[in-house]
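I opened the notebook to look up the ligand site, the charged pairs and one surface patch. The entries follow in the order I checked them.

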Amino acid sequence: MDVRRRQAKMPQSVKIGAGDSPMKPNNPKPSDALPLPLSLTNGLFFTMFFSVMYFLLTRWREKIRNSTPLHVVTLSELAASVSLLASIIYLIGFFGIDFVQSVIYRSNEDAWDVEEEENEKFIIEEDSRMGASPATTLGCAVPVIPLIPQQPTKVPVTEKPAPIITPQSSEEDEQIVNSVVEGKVPSYSLESKLGDCKRAASIRREALQRITGKSLEGLPLEGFDYESILGQCCEMPVGYVQIPVGIAGPLLLNGTEFMVPMATTEGCLVASTNRGCKAIYASGGATGTLLKDGMTRAPVVRFETAKRAAELKLYLENPVNYETISVVFNKSSRFAKLQGIHCAIAGKNLYIRFNSSTGDAMGMNMVSKGVQNVLDFLGNDFPDMDVIGISGNFCSDKKPAAVNWIEGRGKSVVCEAIIKEEIVKKVLKTNVAALVELNMLKNLTGSAIAGALGGFNAHASNIVSAVYIATGQDPAQNIESSHCITMMEAVNDGKDLHISVTMPSIEVGTVGGGTQLSSQSACLNLLGVKGASKESAGANARLLATIVAGSVLAGELSLMSAIAAGQLVKSHMKYNRSSKDVTKISS
Ligand code: ADP
């Protein structure tokens, strides 16, 4: 602060010259003529100066935001400008021009600091309401468009959000983030370059935020083992999604009790399955039987003529050749055991559906390796065979297909229970006749009318998906894994209910894929099927498939009862709708 021109206060003890009044300083000042004391006058002008300055700057900012020309001035602004001028003249007169300039500069600077802070807050608030920006350059060859600093005077803040920047833990990390943003370092290479998966995820996440201008707040980064997914479960991680896990049970199945973990965000689902478990338990339990165990893969090969394609079909179906092909196939793994080959011809093209047991693995990788072995082998006797694709969709993976519904894929299981009359009444709040009628008209006739493919059930996929996510299965395989026909019949002179679910394509494993991740592994452990079975290869995966079918049985029983009793809407309103006003949750 420049105070050179401020008048020094004269101490009372100052020497006074002859003829001077003892109470007055030597040099009289112009301010002596003021009607108010000096300090009060200064305070008054300072207050006027700052308040008018603040008022004018606020108006200025509003005009910029509203795109109002700055030269359009209201009466109040005119009056404020005059007051500002008056206070400036006074302050210059008293303190000098340098001091006033510095005060104006600083107050201006402070005001715009506030402005920018407010802008940023506003932008962040806006950001949470806006949809996702287009795909960015992470890991792609598309050049990165450098971020342009925010220009509040030209661009409406709602259209171009400011980048969200989290300070990096080190200068080096900051540089890597910038390199990813600029496209100099591919995002996918961070793990191999840094040798630290957590650090790679953190840097990728920050670069993503800066590129998109979107906050990832709410998507957790901490608390996850990023090394465990490397090269196996997920590429280019930036965090992980949390899904609550509920427990239904005990499910009494083949004399053993299971507590079934279900990862879901659908209210009512766990509660309903739990009720089904209760009804099954109170009726003496359910019985599950495994009918088949074989994962499939079907390559498509092409010949010059349909005749040649037919020759290969006949060769593969000849029992004499089957032994040799089995040996070649089974070399893929000590757990692979070829179960059968099913061929289908379309003109010159042959689809060969290999079916193999795969131990405790779901088995897609294992079977694919076996198929490759056989194709290489067949090339010797059929050199004119052109392998079009290792998968020709006759497999059929992750698509609704009649071949899975009829032939089965993975584990085929049937599960049943007899629910006693009083349990139907007390626990399920309905009666046997109503359930049998509903099942016939909904799950059988209704699904037939709809042209269903494996969908002769109420909601098998709900239970399958929730158990799959909790136990690290491939959730996309819920498509064929949820194929299910639910049957209901009155038994014991029409008093009790016989219910069954038949599921031909349950594709599960307890080793490989997502099953080895810590949370999923804990859920498998809860069921007693974690990892490879020590007693017999494949026993854990087969038991898991039976538990899935048993859980579906419980889910079918409970939902069908709710519908028969007319409770469905009521219970969903209770468990699916919290009292939160969803309209207030910004998207
Ligand atoms: P998938 O074939 O389901 O994709 P992976 O290939 O990821 O599964 O996992 C299977 C791997 O686990 C194979 O390398 C296999 O040798 C090994 N493995 C260890 N124990 C078992 C087991 N009991 N059953 C099946 N595979 C097992």
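Entry 1: Are Asp397 and Arg409 buried or exposed? I looked them up in this predicted model. Both residues are buried. Asp397 and Arg409 form a salt bridge, with the closest N and O atoms 2.8 Å apart. Asp397 sits in the loop between E7 and helix H11 (402-407), and Arg409 in the loop between H11 and strand E8 (410-419), so the pair ties together parts 12 residues apart in sequence.

**Entry 2: other salt bridges.** I noted 19 salt bridges in the structure. One of them joins the side chains of Arg210 and Glu174, at 2.8 Å from N to O. This pair links distant parts of the chain: Arg210 is in helix H6 (residues 197-212) and Glu174 in helix H4 (residues 171-181), 36 residues apart. Arg210 counts as buried because its relative accessibility is 4%, under the 20% limit. Glu174 has 25% relative accessibility, so it counts as partly exposed.

Next I went to Arg302 and Asp386. Their side chains meet in a salt bridge at 3.7 Å, N to O. Here too distant parts of the chain are linked, with Arg302 in strand E4 (residues 300-302) and Asp386 in strand E7 (residues 386-389), 84 residues apart. Arg302 is partly exposed at a relative accessible area of 37%. Asp386 is also partly exposed, at 36%.

I also found a network of salt bridges that links Lys307, Arg308, Glu311 and Asp384.

**Entry 3: the ligand.** Which residues are closest to the ligand? I listed Asp360, Met362, Gly363, Asn365 and Met366, out of 13 residues that surround the ligand. By class, I sorted the shell into seven nonpolar, five polar and one charged residues.

I then looked up backbone contacts. A backbone N or O atom of Asp360 lies 2.7 Å from a ligand nitrogen. For Met362, a backbone N or O atom is 3.2 Å from a ligand oxygen. For Gly363, the distance from a backbone N or O atom to a ligand oxygen is 2.6 Å. Taken alone, the ligand exposes 560 Å², and the protein buries 74% of that.

**Entry 4: a surface patch.** Val73, Leu75 and Leu78 make it, with an area of about 330 Å². Val73 lies in the loop between helix H1 (38-66) and helix H2 (75-95). Val73 has 47% relative accessibility, so I logged Val73 as partly exposed.

Key: Residues are numbered from 1 along each chain as its sequence is written. This is a predicted model: local features need pLDDT of at least 70, side-chain atom pairs count only at pLDDT 80 or more; totals for chains, interfaces and linings use all residues. Side-chain values use heavy atoms; hydrogens and water are left out. A residue is near a molecule or strand if one of its heavy atoms lies within 4 Å of it. A polar contact is a pair of N or O atoms within 3.5 Å; within protein, one must be able to donate a hydrogen and the other to accept it, and residues adjacent in sequence count only if both atoms are side-chain atoms. Accessible areas come from the Shrake-Rupley method with a 1.4 Å probe; for residues, only the protein chains shown count as cover. Ala, Val, Leu, Ile, Met, Phe, Trp, Tyr, Cys and Pro count as nonpolar, Asp, Glu, Lys and Arg as charged, and the others, Gly among them, as polar. Patches are made of residues with over 30% relative accessible area and no salt bridge: like charges are joined within 9 Å, nonpolar side chains (Val, Leu, Ile, Met, Phe, Trp, Tyr) within 5 Å. A salt bridge is a side-chain nitrogen of Lys or Arg within 4 Å of a carboxyl oxygen of Asp or Glu. Helices (H or I, at least four residues) and strands (E, at least two) are DSSP runs, numbered from the N terminus. Buried means under 20% relative accessible area, exposed over 50%, partly exposed in between (1.4 Å probe, protein chains only).
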